[in-house]
Amino acid sequence: MGKQTGNTQDTAARDGRGAAGAPHLVWDWNGTLLHDIHAVIEATNASFAELGLAPITLERYRELYTVPVPKFYERLMGRLPTDAEWLVMDETFHRHYWAFAEDSGLTEGARELLGDWQRSGRTQSLLSLAPHERLLPLVRAHGIDGNFVRVDGRTGPSHTTKAGHLVRHLAALDGVTAARTVLIGDAVDDALAAAHVGARAVLYTGGSHSRSSLAVAGVPVVDTLAEAVHTAAELAQ
């Protein structure tokens, strides 16, 4: 489990935030708060090149991408990668991705939206499948760690889904109930994770999925983070 950053749960309780049943946002990081889709494409194509696969366009990526990631490669290759192929592609992807990610900025409006939600007296946290030891320094570098009552990155294998991660994340948040929680993310896996715990979800089109592929999740799909927060606030009432 990742450590808390910024405002701790004790501070939240003293301020009257995080009361039982109060609206809470869980933010996804990659492709949602962090505008890193071009870093993802560059790193993906670098990993493809290692196995002699043709490069993929952003549009094609968004149509095919799914979690767990080996399933994404199965859609491209017509078969699951072997264990040896997976290790090569996974290592290559992450080596290139983190080099590009340092130059990726926050999504338009993200900083202001995080600040406005916090100033309204409501709580929010950050949950990502990015490695925890990589996630925290990047969040801090963007100066937004203080907006969250908790930040959790992945501590297990990379080929995992978010559902179990979200269960542990919410269990660590005092006074937060799934029924009043909305997860804002950019992938169908985010909606599945929210449904798994009894929370709501709003999906943003600026990340890894196309609008049409997000629509199958049966949750609101929006084109800006401002729309996402507005919709989430209504769902959490």
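Predicted model: local features only at pLDDT ≥ 70, side-chain atom pairs only at ≥ 80, totals over all residues.
In which sense do β5 and β6 pair, and over how many bridges? They pair in the parallel sense, over two bridges.

Now the whole sheet. Six strands form an open sheet, and the order is β3-β2-β1-β4-β5-β6, with parallel pairing. The edges are taken by β3 and β6, residues 221-222; each has a single partner strand, so one side of each has no neighbour in the sheet. Helix α6, residues 110-119, packs on the sheet and touches β1 and β2. The direction of α6 makes about 140 degrees with that of β2. Another helix, α9, residues 188-197, lies across β2, β4 and β5, and runs at about 175 degrees to β5.

Next, the β3 end. Strands β2 and β3 pair in the parallel sense over three bridges. Arg-154 in β3 is the bridge partner of Pro-131. Together with helix α7, residues 132-141, these two strands make a right-handed β-α-β unit.

On to helix α5, residues 83-101. It has 19 residues and reaches 26 Å from first C-alpha to last, close to the 27 Å expected. Its buried residues include Trp-86, Phe-93, Tyr-97 and Trp-98. The buried residues of α5 pack against α2, α4, β2 and α7.

His-209 sits between β5 and α10. Is His-209 buried or exposed? His-209 counts as buried because its relative accessible area is 4%, and the cut-off is under 20%. Among the residues His-209 touches are Arg-62, Tyr-65 and Asp-186.

How values were computed. Residues numbered from 1 in each chain as written. Heavy atoms only, no water. Helix = DSSP H or I, 4+ residues; strand = E, 2+ residues; numbered from the N terminus. Buried < 20%, exposed > 50% of the residue type's maximum accessible area, 1.4 Å probe, protein only. Contact = heavy atoms within 4.5 Å. Pairing = 2+ DSSP bridges. Right-handed = clockwise from strand over helix to strand, strands pointing away. Expected span 1.5 Å × (residues − 1). Axes fitted to C-alpha atoms, helices over the stretch in contact; angles between N-to-C directions. Lists of a residue's contacts leave out its neighbours within four places in sequence.
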